[in-house]
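Take a look at the sequence and the model below. We will walk through the structure step by step.

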Amino acid sequence: MSGYTAGHGVVYFCCSLLFFVPSCKAFNGGISEKKQERSDPQMFDQLTEVRDVVFVIQSQKNSYHTHRAEQRRTELLHQAQTLNQSSPDVVLLHKFSDYDGNWSILPALPRLASQYCQTSLWIVFLAEETNVNLHNLLQVLSKFNTTKEWFLGRPLHDDEPTIIHHYAFSEDPSSFSYPDFMAGWALSCPLAKRTAERVNYEPPKSDFTIDLQHEIALYIWEESRGPALTVVNEFCSELQSLSSTGVCATTINTYLSACGNSVQKEDVFVAVKTCQRFHGDRVPLVKQTWEKDAASLEYYSDITDSYIPTIHLGVPNTERGHCAKTFAILKRFASGAATQAPWLLIVDDDTLISLPRLRRLLGCYDPNKAVSVGERYGYGLSRDGYSYITGGGGMVFSRVAVQNILAGGCGCRSSDAPDDMVLGMCLTTLGVPVTHSPLFHQARPQDYVKELLARQSPISFHKHWNINPVAVYQHWLAEPNNSRAHSLTKTREEL
């Protein structure tokens with residue numbers, strides 16, 4: 001959620017969820033036996049063939065991402081042909097049905113299981129960035145007895161309790177493993193079918209979808225009643241260009257392929273939401289860090305301050321939500337009074353962002369189409385809910401998308417309604433896809449797994465709580481002498 005209240009809404013939700021999170025002792029008591037059982041995959045040693053596997057590519061509707069998913073599909077078909085095997089079933093998730101919430105996996109699982117698990121043994125999920133060595137993958141899957149329930153992947157774990165995981169397993173967060181989606185992950189069909197049946201009568205306890213890979217693992221684990229993640233080291237986390245991939249069943253492609261030139265500075269208009277309370281602390285940090293990279297930027301506040309300067313849009317400040325302010329910004333942008341730029345970026349005054357990296361990312365998208373980009377969350381996706389770009393990490397809209405929003409009659413039920421969620425409902429109603437980029441971050445760097453951040457050059461982080469914002473900006477987002485402007489996937493040392 002946006003601005004000064006994202007924390008309020010999420011913290012309230014996190015606290016309510018903690019009731020369902022087991023203690024560390026309870027978890028370890030339930031999991032130790034399961035880990036021992038799965039330390040040996042029983043070397044089933046029955047050759048898995050391509051026809052035994054259905055591949056699900058976690059694709060997106062935007063044309064750039066659709067093209068990337070189609071490339072992955074073509075590569076799989078070519079490898080199968082090279083192995084003299086039949087062509088595999090490859091599902092592009094965004095095409096699987098008309099429901100936009102299929103990206104959260106569980107809504108699509110009942111149909112996936114019923115349609116493919118009659119003839120297949122495995123469902124293997126791939127990100128757009130996942131490279132597959134089909135020969136190696138089939139060898140890995142052959143080690144597992146497919147009459148049993150298996151949840152396979154490369155493990156991630158939290159080093160400390162984090163808000164994006166609702167502070168789960170707060171006594172020992174590293175005790176719970178969840179899959180690195182970009183490295184690929186797999187469900188045996190017995191597990192897929194049982195989980196699909198459960199989805200029909202027991203949806204996830206949380207209405208929010210925030211970090212899907214963690215939430216899927218929690219749902220499958222089912223408070224120790226279901227299987228824990230089985231570690232498969234052949235699902236490799238290394239970038240393909242940086243590793244020796246001989247034994248890997250999967251590797252990770254660079255997140256951004258060649259998309260042409262970055263958009264020009266003048267093509268991105270930046271709207272910063274602030275209020276008088278933060279003129280003396282947050283706004284100076286914006287000026288000290290990333291404001292210099294903006295060609296056109298305006299600060300929107302509840303007063304006019306000629307020193308900053310700020311613009312008062314006639315909307316009183318609210319303690320949370322800021323829906324009325326955001327819609328006033330959309331109207332000002334659409335009117336052309338401030339800019340004719342094709343792209344609008346809306347951020348909070350405690351958002352830290354790299355505008356050069358954002359402009360490079362936007363080179364992948366067509367500003368003449370309705371485009372919205374950022375970190376995607378979901379609400380109520382198990383019951384025909386909607387997706388939205390979470391505001392703290394930055395919301396990006398093409399001018400066409402802004403025009404569609406305003407022309408579609410969208411608005412705020414109250415001035416303090418959560419702006420990002422209202423916009424998500426609106427975009428869903430209008431049929432405008434919400435495009436996810438993992439380079440945007442709603443929280444601070446320490447709230448994310450270091451391994452994931454190490455292989456990306458992030459675009460944004462959010463919140464100044466218990467951090468030095470200038471130091472975070474310099475370490476994670478600044479590009480001295482523009483040396484990393486064209487290296488969005490270069491790894492970095494840990495903090």
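In which sense do strands β1 and β2 pair, parallel or antiparallel, and over how many bridges? This is a predicted model, so keep that in mind as you read. Strand β1, residues 53-57, pairs with β2 in the parallel sense. Four bridges join the two strands. Find F55: this residue stands opposite V90 in β2.

Now widen the view. Strands β1 and β2 belong to an open sheet of six strands. The order is β2-β1-β3-β8-β5-β10, and the pairing is mixed. Strands β2 (89-92) and β10 (230-231) stand at the edges. Each has a single partner strand, so one side of each is left without a neighbour in the sheet.

Next, find helix α6, residues 189-201. This helix lies across β3 (122-126), β5 (151-153) and β8 (185-188). Helix α6 runs at about 80° to β8.

Turn to the rings. The structure holds 16 aromatic pairs. One of them joins F169 and F176, which are stacked, with 4.8 Å centre to centre and 15° between the planes. F169 is buried, at a relative accessible area of 2%. F176 counts as buried too, at 3%. F169 also pairs with W221, this time edge-to-face: 5.7 Å centre to centre, 65° between the planes. This pair links distant parts of the chain. F169 sits in the loop between β6 (155-156) and β7 (178-179), while W221 sits in helix α7 (residues 212-221), 52 residues apart. Both F169 and W221 are buried.

Ring pairs also link F208, Y377, Y379, Y386 and Y388 into a cluster. R383 lies over the face of Y379, at 5.9 Å from the ring centre. Elsewhere, R376 lies over the face of W103, at 3.9 Å from the ring centre.

Note on methods. Residues numbered from 1 in each chain as written. Predicted model: local features only at pLDDT ≥ 70, side-chain atom pairs only at ≥ 80, totals over all residues. Heavy atoms only, no water. Pairing = 2+ DSSP bridges. Contact = heavy atoms within 4.5 Å. Axes fitted to C-alpha atoms, helices over the stretch in contact; angles between N-to-C directions. Phe/Tyr/Trp six-rings, centres within 6.5 Å; stacked < 30°, edge-to-face > 60°. Buried < 20%, exposed > 50% of the residue type's maximum accessible area, 1.4 Å probe, protein only. Lys NZ or Arg CZ within 6 Å of the ring centre and 35° of its normal.
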